[in-house]
Amino acid sequence: MTIYCNGKMCSRAEATVSVFDHGLLYGDGVFEGIRFYNGRVFKCDEHLQRLHESAHSIMLHLPCPLPELKALLLDTIRRNDLRDGYVRLVVTRGEGNLGLNPFTCATPGLIIIADRIALYPPALYQQGMAIVTVATQRTGAEAVPPRVKSLNYLNNILAKIEAINAGCEEAVMLNRFGFVAECTGDNIFIVKHGVLLTPPVSMGALQGITRDTVLELARQRGYPVREDTLTRHDLFCAEECFLTGTAAEVIPVTKIDGRVIGSGAPGPVMHQLREDFLKLTQTTGTPIYA
Ligand code: PMP
């Protein structure tokens, strides 16, 4: 495996960072997870733009302009001779001293890892997942902003631990007002009275690239779509529920906190949107080997 690490292409063993990097010491940095399918990077510019906005929001300068970053990303995939997989872009605050002050860190770190991807078990896509609501709340915009895809994932990890302890793969996180925000690594959708609903990002969700793509595909199909506040009751009484994310793609949910959702089987809206999504991943994107 060839990894881009702070200015050089290196082997996995050589790809190491300083113990004084604030990305390690404080989770100070931002990242992106991007999929490539069939030799093309899916929604590459959208991911790079989100990385730029995450960095800008936390006053972190990206180590190079976006076109250069894109070239490095494509080069890393090529050097690993991959056509389908996942690429992780990590920008750290860089090496500083032991204090919190990010401005002691002169040069941001940049790591790019291209790999194959571990997916949820295929059976979950057929039967649907069971998920649970957890006690760990999604931080609000007044704390670590959920729209910043930062290296500080402890909030989501605590929620993930609760899900795993409950025998589930994903957790629904509520915001401090009790409204549904998102899952630990996925956005959430429901269908109610034939309308596709998802919480607005202001409820405490990451503006998922898959979420935005699915909203667009649903509009193209003519489905009524609304971003609206949702409670657990809305989830329990939905006709369908599904999650979206770069790794998960579109995955049905058939049980939440023990309540069966809709018919108990993955629904027709999810099936249609999943099919449209998968078709788009196979036919669009930035060519890697042009
Ligand atoms: N929410 C969180 C907290 C995430 O980490 C992710 C994965 N990046 C998502 C939602 C889904 O976003 P995307 O579709 O851009 O992968």
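The centres of domain 1 and domain 2, taken over C-alpha atoms, are 26 Å apart. The model is predicted, so local features need pLDDT of at least 70 and side-chain atom pairs count only at pLDDT 80 or more, while totals for chains, interfaces and linings use all residues. Residues are numbered from 1 along each chain as its sequence is written, and side-chain values use heavy atoms, with hydrogens and water left out.

**Stop 1: the domains**

Select 2-115 for domain 1 and 122-282 for domain 2; such bounds come from an automatic or database domain assignment. Domain 1 and domain 2 bury about 1800 Å² between them, 61% of it on carbon and sulfur atoms. Buried area is the accessible area (1.4 Å probe) that two parts lose on being put together, summed over both. Next, select Phe31, Tyr37 and Arg50: in domain 1 they lose the most area to domain 2, together 34% of what that side buries.

Now show Arg35 and Glu249. They form a salt bridge, with the closest N and O atoms 3.0 Å apart. The term requires a side-chain nitrogen of Lys or Arg within 4 Å of a carboxyl oxygen of Asp or Glu.

**Stop 2: the largest pocket**

Select Phe31, Lys149, Tyr153, Thr184 and Gly185, which lie nearest the centre of the largest pocket among its 45 lining residues. A pocket is found on a 1 Å grid over the protein atoms alone, as an open set of points where a 1.4 Å probe fits, with protein on both sides within 12 Å along at least five of seven lines; lining residues have an atom within 4 Å of a point. The volume of the largest pocket is about 950 Å³.

Then colour helix H5 (154-165), which gives the most to this lining, five residues. Helices are DSSP runs (H or I, at least four residues), numbered from the N terminus. The lining of the largest pocket holds 20 nonpolar, 15 polar and ten charged residues. Nonpolar covers Ala, Val, Leu, Ile, Met, Phe, Trp, Tyr, Cys and Pro; charged covers Asp, Glu, Lys and Arg; the others, Gly among them, are polar.

**Stop 3: the second largest pocket**

Move to Arg50, Glu53, Gln207, Ile209 and Asp212, nearest the centre of the second largest pocket, which 14 residues line. Helix H2 gives the most to this lining, with six residues. Where does the second largest pocket lie? Both domain 1 and domain 2 give residues to its lining, so it lies between them. Colour by residue type to finish: this lining has two nonpolar, five polar and seven charged residues.

Note on methods: Grid points are joined across faces, edges and corners, and a volume is the space filled by probe spheres set on the points. Helices (H or I, at least four residues) and strands (E, at least two) are DSSP runs, numbered from the N terminus.
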